[in-house]
Every structure is written in structure tokens, then in C-alpha cells.
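Hello,

Here is the structure you are taking over. My notes on it follow below.

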Amino acid sequence: MRKLSILGGLILFAAVPAMAQDNPKGEVAGNYTYVNIDTNGSSLGRLNCHGGGGSAAWNLNSYFGVVGEFSGCKVTGLASGVSAHTFTYLFGPRLTYRTQGKFEPFGEFLFGGAHDSASAGGTTVSDNAFAMAIGGGVDYKATRSVAIRLGQFDYLYTKFDNGPGAQHQNNFRLQAGVVFRFGGR
């Protein structure tokens, strides 16, 4: 039994550096972004917004990191001569489950801000608001330094019209793209 315990300890000791090789220190991602926007029961209903974004993450250890995410999209399906855009900037912690396999699921809680702008007939209005995203996704490790973000699904909360009678918006966000990883051993 003692020999078996020593052998198990040696295997575990040898496996730690091997696991560290697959744990990048940092990541930079480029994503396609889709947001389904809540208009709080207005005549517009829910709006679709398509665009792109990027994120940068720094991993503090093999499972915990901090991330900054920036994305922008253009609202589609509006009347002729009307355009609207949304931009979010979010920051917070990310937990990643890293295994020796190809798939790495992660979860995150991000908070920051959102900026909306709309123009029609030569007039532009814009607003800034608090924003928060809770969600997660899955990356597929294609190579040691490149991963494919198969999908990231987030509940995106925004609170525009910060004055009296302010309303919150319950949005859905989907992202997919490519992740470039660096650092590690």
C-alpha cells in the first residue's frame, strides 16, 4: 500500500508540469456578437443586433482569470433612414475548467457599461448605462495557441434611462470566434 501511495504521488507530481503546459497565461479573442435586445414592451418588440467584439483575459492560475470584453453591434430590422448601435465594455472574473481534453467550458460574471446611439432624420440621440453579463461558454483547443470559441451565451442586463421611472432591459447575447493563447510553460 505504501509503494502504491508513493507511486501515485510521483505520478501526480509529474502530471502537474504537464497540466501547466496547457494552461495559458493570457488569451485574446475576436468574436462575432449577436444581441437580442429587450425594448421593455415598446412597439418595436425585441430587436436583433449583429456585430463583433474582442476580449483579453489574464489567467491568475489554471482555473481563475480576469477578463475585459468589448463588443459593438448594429440593430437590424429598423425603418428606412433609422439606425441604431450598441457598444458594451465589461470586466470581471472568469472560471475555466481545464482538462487534458479538447473542450474547456468557462463561466463568467462581468460588469461595466453600455452605450446606445440612434439616428433618424439627421438627429442623433445617445445614452450610457450600467451593464452586467452573467454566462459562459465552451472553447475547443485546436492547437496549443489557438482555440475556437464554439459559443458563449450570456444574460446581458442593462439599465438605460437612469432618471425617474428608469427601466432595465433583459437581453440575450451570443458570441463565437477565435481565441489566441500565449504564455504558460
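Along the sequence the order of elements is α-β-β-β-β-β-β-β-β, that is, one helix and eight strands. Helices (H or I, at least four residues) and strands (E, at least two) are DSSP runs, numbered from the N terminus. This is a predicted model, in which local features need pLDDT of at least 70 and side-chain atom pairs pLDDT 80 or more, while totals for chains, interfaces and linings use all residues. Residues are numbered from 1 along each chain as its sequence is written, and side-chain values use heavy atoms, without hydrogens and water.

Of the 185 residues in the chain, 35% are buried (under 20% relative accessible area; exposed is over 50%, partly exposed in between; 1.4 Å probe, protein chains only). Among contacts (heavy atoms within 4.5 Å) with a separation of 6 or more, 56% link residues 24 or more positions apart. The chain exposes about 10,200 Å², with 67% supplied by carbon and sulfur atoms (Shrake-Rupley method, 1.4 Å probe).

The surface carries a nonpolar patch of V28, W58, L60, V66, F103, Y140, I148, L150, V178, F180 and F182, together about 970 Å² of accessible area. Patch residues have over 30% relative accessible area and no salt bridge, and nonpolar side chains (Val, Leu, Ile, Met, Phe, Trp, Tyr) are joined within 5 Å. A salt bridge is a side-chain nitrogen of Lys or Arg within 4 Å of a carboxyl oxygen of Asp or Glu.

F103 lies in strand β5 (residues 103-120). F103 counts as partly exposed because its relative accessibility is 46%.

Regards

Notes
Patches are made of residues with over 30% relative accessible area and no salt bridge: like charges are joined within 9 Å, nonpolar side chains (Val, Leu, Ile, Met, Phe, Trp, Tyr) within 5 Å.
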